[in-house]
Amino acid sequence: MAILLLDDGTVESDLGEISRELSPLGIYLKHYDPGTSLLFPNLIEQDVLTDSEKRFIVELHNGVFEFLQQENGYVWCDLLNLHPGSFNLETLIAGYNRYHTHTAAEPLYILAGEMIFGFIRPDGSQVQLLVQPQDYIYIPAGVEHWCSPTASLHCKAVRYFSTADGWVPNYTGTHLKDSLNKPR
């Protein structure tokens, strides 16, 4: 389940409290455990996946989570598969671990591993959110944020897109406050 770090050092693990803290940004966070990972445990654990294995995971996931696509008008989705040997891993991390916005929403569902997101709240404070397996996060368009895998560099997530272009980052130049230490 998700964990939120506030810039005063407070750690929050109650999903209701995390949602309350993130609600001014319009961020939606939900924990869904439909048990689909039990249908492909070997694929969740292996680093390298073939294109057909990725399609299998996405198709199975979409069969269970069809309501997400219908409710939110997602056009397409894919499988993000990060591991220490991922092609262009450093470039990918460098592209998203700076504060940016998107012109489209950024929803994703974590199948395995973890991701960290940083957000700027309306009062200027900064928070970090750790999302873990079975966490679904919806970040509305225009919300200033950064994201990065944790130090383990492992994450499998289904990413949903509402435009053909996907998520194009628009960098804001905002710097991380000293009170929060972003992973590198």
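The tour below goes from a sheet to some rings, then to a strand and a histidine.

This is a predicted model, where local features need pLDDT of at least 70, side-chain atom pairs count only at pLDDT 80 or more, and totals for chains, interfaces and linings use all residues. Residues are numbered from 1 along each chain as its sequence is written, and side-chain values use heavy atoms, with hydrogens and water left out.

**Stop 1: the open sheet**

Select S3, S9, S6, S11 and S4, in that order: these five strands form an open sheet with antiparallel pairing. Helices (H or I, at least four residues) and strands (E, at least two) are DSSP runs, numbered from the N terminus, and two strands pair if DSSP finds at least two bridges between them. Which strands stand at the edges? They are S3 (28-31) and S4 (76-82), each with a single partner strand, so one side of each has no neighbour in the sheet. From one strand to the next, the twist averages 20 degrees.

Zoom in on S4 and S11 (residues 155-161), an antiparallel pair with seven bridges; Leu 79 has Val 158 of S11 as its bridge partner.

**Stop 2: the rings**

Show the aromatic side chains next: the structure holds 11 aromatic pairs. Rings of Phe, Tyr and Trp (its six-membered ring) pair if their centres lie within 6.5 Å, and planes under 30 degrees apart count as stacked, over 60 as edge-to-face and the rest as tilted. Pick Tyr 32 and Phe 65, an edge-to-face pair at 5.6 Å centre to centre with 75 degrees between the planes. Tyr 32 sits in the loop between S3 and helix H2 (41-45) and Phe 65 in the loop between H3 and helix H4 (66-72), so the pair ties together parts 33 residues apart in sequence. Tyr 32 is buried at 17% relative accessible area, and Phe 65 is buried at 2%; buried means under 20%, exposed over 50%, partly exposed in between (1.4 Å probe, protein chains only).

For a stacked pair, go to Phe 117 and Phe 119, with 6.1 Å between centres and 5 degrees between planes. Phe 117 and Phe 119 are both buried.

**Stop 3: strand S8**

Select S8 (residues 126-131): six of its six residues are buried, so the strand is largely enclosed by the rest of the structure. Gln 126, Gln 128 and Leu 130 are on one side, with Val 127, Leu 129 and Val 131 on the other. Click Leu 130 to find the bridge partner of Ile 3 and of Ile 116.

**Stop 4: His 102**

Finish at His 102, in the loop between S5 (100-101) and S6 (106-113). Is His 102 buried or exposed? His 102 counts as buried, at 4% relative accessibility. Its side chain makes a polar contact with that of His 100 at 3.2 Å. (A polar contact is a pair of N or O atoms within 3.5 Å; within protein, one must be able to donate a hydrogen and the other to accept it, and residues adjacent in sequence count only if both atoms are side-chain atoms.)

Notes:
Axes are lines fitted to C-alpha atoms, for helices over the stretch in contact, and angles run from 0 to 180 degrees between N-to-C directions.
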